[in-house]
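Here are my notes on this model, point by point. Please read them with the structure open.

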Amino acid sequence: MTDGAALWRIARDSKVLDLNSSYSYLLWCRDFAATSAVARAESGEAVGFVTGYVRPDRPDTLFVWQVAVDAAYRGRGLAAALLDGLAARLVAQRGLTTLETTISPDNFASQRLFASFAERHGAGLEREVLFDAGLFPDGPHEPEVLHRIGPLSPAR
């Protein structure tokens, strides 16, 4: 629960993610800690995170909300390791079979991250526009493309 401020800072400093209110990151760390993951430096400081939730209408599906790594820790495979670890945990604990996320068309790093996740896990990857650009009331926004990955299976 105490990681919310650090997650907000990492998201803000990414300059890529849509920044939510600091309050939302505090709530996220309280209410969705079981479906999220935080990476820490040796000092204990949070340096990366994956936030997600199990979809209420599809309890076998994890929706990944955000993935971010502090600039000083990028390029080390940390985002992939966080995503792999979270998915493995939820497949084992909750019978998760599908992972979803949305990615804007210009976010090539996230597209590569999730495509490589699907490949590593031998899972299919489907894409479709979930929210068209015109649905966003707060100014210009690219469409959000849903990436659905599955089926996922327990590690062998």
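1. Three elements, β3, α3 and α4, each supply at least two residues of the lining of the second largest pocket. Bear in mind throughout that this is a predicted model.

2. Which element gives the most to that lining? Helix α4 does, with 4 residues. In total, 19 residues line the second largest pocket. Nearest its centre lie Val 69, Arg 74, Ala 79, Ala 109 and Leu 113.

3. The second largest pocket holds about 510 Å³ of space. Its lining divides into 11 nonpolar, 5 polar and 3 charged residues.

4. Helices α3 and α4 also pack against each other. Helix α3 covers residues 78-94, and helix α4 covers residues 108-120. Their axes are 10 Å apart, at an angle of about 50°. An angle under 35 degrees would count as roughly parallel, and 65 to 115 as roughly perpendicular. The two helices are therefore oblique to each other. The crossing of α3 past α4 is right-handed.

5. Look next at the side of α3 that meets α4. Ala 79, Ala 80, Leu 83, Asp 84 and Ala 87 are the α3 residues in this contact. Leu 113, Phe 114, Phe 117 and Arg 120 are their partners in α4. By class, the contact has 7 nonpolar residues, no polar ones and 2 charged.

6. Now the largest pocket. Its volume is about 620 Å³, and 24 residues line it. Which of them lie nearest its centre? They are Asp 18, Trp 65, Thr 102, His 141 and Glu 144.

7. The elements giving two or more residues to the lining of the largest pocket are β3 (58-69), β4 (98-103), α4 and β5 (124-131). Strand β3 gives the most, with 5 residues.

8. How do the residues lining the largest pocket divide by class? There are 12 nonpolar, 8 polar and 4 charged.

9. Helix α1 (residues 4-14) and helix α2 (residues 22-31) have axes that come within 8 Å. They cross at roughly 130°. Angles over 145 degrees would count as roughly antiparallel. Helices α1 and α2 are therefore oblique to each other. Helix α1 passes α2 in a right-handed crossing.

10. From α1, the contact uses Gly 4, Ala 5, Leu 7, Trp 8 and Ala 11. From α2, it uses Ser 22, Tyr 25, Leu 26 and Cys 29. These residues divide into 7 nonpolar, 2 polar and no charged.

11. The loop between α1 and α2 contains Lys 15. Please inspect its backbone. Lys 15 has a positive phi of about 60°, although it is not a glycine.

12. One peptide bond also deserves a look. Is the bond from Gly 150 to Pro 151 cis or trans? It is cis, with omega near -5°. Pro 151 lies in the segment after β6, the strand at 144-150.

Note on methods:
Residues are numbered from 1 along each chain as its sequence is written. This is a predicted model: local features need pLDDT of at least 70, side-chain atom pairs count only at pLDDT 80 or more; totals for chains, interfaces and linings use all residues. Side-chain values use heavy atoms; hydrogens and water are left out. Axes are lines fitted to C-alpha atoms, for helices over the stretch in contact, and angles run from 0 to 180 degrees between N-to-C directions. A crossing is left-handed if the near helix is turned anticlockwise from the far one by less than a right angle, and right-handed if clockwise. Contact means heavy atoms within 4.5 Å. Ala, Val, Leu, Ile, Met, Phe, Trp, Tyr, Cys and Pro count as nonpolar, Asp, Glu, Lys and Arg as charged, and the others, Gly among them, as polar. On a 1 Å grid over the protein atoms alone, a cavity is a set of points where a 1.4 Å probe fits but cannot get out, and a pocket is an open set with protein on both sides within 12 Å along at least five of seven lines; lining residues have an atom within 4 Å of a point. Grid points are joined across faces, edges and corners, and a volume is the space filled by probe spheres set on the points.
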